[in-house]
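Student: Hey, I'm new to this one. Can you walk me through it?
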Amino acid sequence: MAKLETQVQQIAGRACPLRGDDIDTDRIIPARYLKCVVFDGLGTHVFADDRAQLKERGQTHPFDDPHFAEARLLLVNKNFGCGSSREHAPQALLRRGFQAFVGASFAEIFFGNCVALGLPCVTLAPADLAKLFDAVELDPAQVVVLDLAALTVACRAGTFAASMPEGARSQLLGGSWNATAVLLEAGPAIERTAGTLPYVEGFAG
């Protein structure tokens, strides 16, 4: 079998801290932006309402803070991505530039939608997550490294053991999270199987 080119083994880059429990998908991408036929452009509208409300109060949302610009990892708290099952939420975050999520816990459907896009969601122990948040807020320019193979998250505050369901982790490490790539790779086998099915061959012979 040929090696899949969609393996996700390590994500390294700046991180953006987003504090708050139970951040739902309607906050991540408000419903009025779901009319799009494709997901292009959704990244512009991530947390549109939260950002506008903070701006009105003279405050700055982390997504508007230049210190966290171009972050590749998003740090979150408990039950991130809860609410409706809209796949637009991880799609919008992906188009915002995020390639991984590190948090306390994730809503189940959001987690599954992320894995289907090749976006790992790993959890840390509460004390370790708190250290990571504090470290990134004190030094936004530092590189945070999520190593899926070692299942660790490293920053200037230390290297922390991470957790992720093994099935999803194996899919990301092996590249089988990408259903399209898996189907394309299996093309010859699919054609051989199809050739043995009478209803595909019009019951000929």
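Student: Where is A130?

Tutor: A130 lies in helix α5; helices are DSSP runs of H or I, at least four residues, and strands are runs of E, at least two, both numbered from the N terminus. Keep in mind that this is a predicted model: local features need pLDDT of at least 70, side-chain atom pairs count only at pLDDT 80 or more, and totals for chains, interfaces and linings use all residues. Residues are numbered from 1 along each chain as its sequence is written, and side-chain values use heavy atoms, leaving out hydrogens and water.

Student: Why does A130 count as partly exposed?

Tutor: Because its relative accessibility is 37%. Buried means under 20% relative accessible area, exposed over 50%, and partly exposed in between, with a 1.4 Å probe and protein chains only.

Student: OK, which residues of α5 are buried?

Tutor: D128, L129, L132, F133, A135 and V136. They sit on the same side of α5, because they cover an arc of only 165 degrees around the axis, taken from the directions from the helix axis to the C-beta atoms.

Student: And what's exposed on the other side of α5?

Tutor: P126 and L138.

Student: New topic: which strand is β1 joined to?

Tutor: Strand β6 (residues 144-147), through 4 bridges, and the two run antiparallel. Strands pair if DSSP finds at least two bridges between them.

Student: What stands opposite I11?

Tutor: L146 in β6. I11 is also on the covered face of β1 (residues 10-13) with G13, while Q10 and A12 make up the uncovered one.
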